[in-house]
Amino acid sequence: MDRILRGLSRFQKRIYPKHRDLFQKLALGQRPQALFITCADSRIDPCMLTQTKPGELFICRIVGNIVPPYPDAIGGVSATIEYAVGVLGVADVIVCGHTDCGVMKGVLNPEPLEPLSSVSAWLNYAQPALEAAEALTRNPAGDLLPALTERNVVEQIGNLRTHPTVAGRLEQGDLKLHGWVYDLGEGVVTHYDAGQDAFVALETPVARS
Ligand SMILES: [Zn+2]
């Protein structure tokens, strides 16, 4: 905790004064560009990854970046989606999975998690992704984790479409859904290409230094 409090002190003394105008503008309201749904894993920093500032991403952190289909499990995830898509009017929703995900490993090896009833119940939402990954992975002895991680993102995008606010905005044609997988060790992001039904390199504009 000391480390965290020292960080807060440094933020208040050094960082806040440098960005006072931004924070004072943000105090009056927000207009985020996107809803970013990703795993609660401590190794993911959505703002560092996308180089966005406070106020630009509306972030939903949830283990396994799982979006229960509507109207299952009405709760924090559904409310966050409704607020971001229905009230704030974000233009894009990104579901971002990641490599070495403990939740995806738990789907492959659920036994140690069985005493944790909430986690076990939550993992059920990744079962269709497991079935899809098994069908896609031709070598039965092959590593299922990468395919499961990708299919889980595809599955959760499908679940997002069942939420009425999302369905309505998609029908109006002013909302886009994106599926990403972030490779933690390499800093690489692949995205889901529905035409190819595969994850491919994400084309990014040339970064200005
Ligand atoms: Zn994870």
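Some ground rules: because the model is predicted, local features need pLDDT of at least 70 and side-chain atom pairs count only at pLDDT 80 or more, while totals for chains, interfaces and linings use all residues. Residues are numbered from 1 along each chain as its sequence is written, and side-chain values use heavy atoms, with hydrogens and water left out.

Let's start with the whole protein. You can find nine helices and six strands; these are DSSP runs numbered from the N terminus, with helices (H or I) of at least four residues and strands (E) of at least two. The C-alpha atoms fill a box of roughly 55 × 45 × 40 Å, taken along the principal axes. Of the 209 residues, 33% count as buried, meaning under 20% relative accessible area with a 1.4 Å probe, protein chains only.

Now, which residues coordinate the zinc ion? They are Cys39 through SG, His98 through NE2 and Cys101 through SG, at 2.0 to 2.3 Å. Donors here are N, O and S atoms within 2.8 Å of the metal (3.2 Å for Na, K and Ca), and water is not among the atoms, so sites may look incomplete. Along the chain, the zinc donors follow the spacing C-x58-H-x2-C. Both His98 and Cys101 are buried.

Finally, please look at helix α8, residues 145-161, where Arg151 lies. Is Arg151 buried or exposed? Arg151 is buried, because its relative accessible area is 9%. Leaving aside residues up to four places away in sequence, Arg151 touches several residues, including Tyr192, Asp197 and Leu136; contact means heavy atoms within 4.5 Å.

Notes
Buried < 20%, exposed > 50% of the residue type's maximum accessible area, 1.4 Å probe, protein only.
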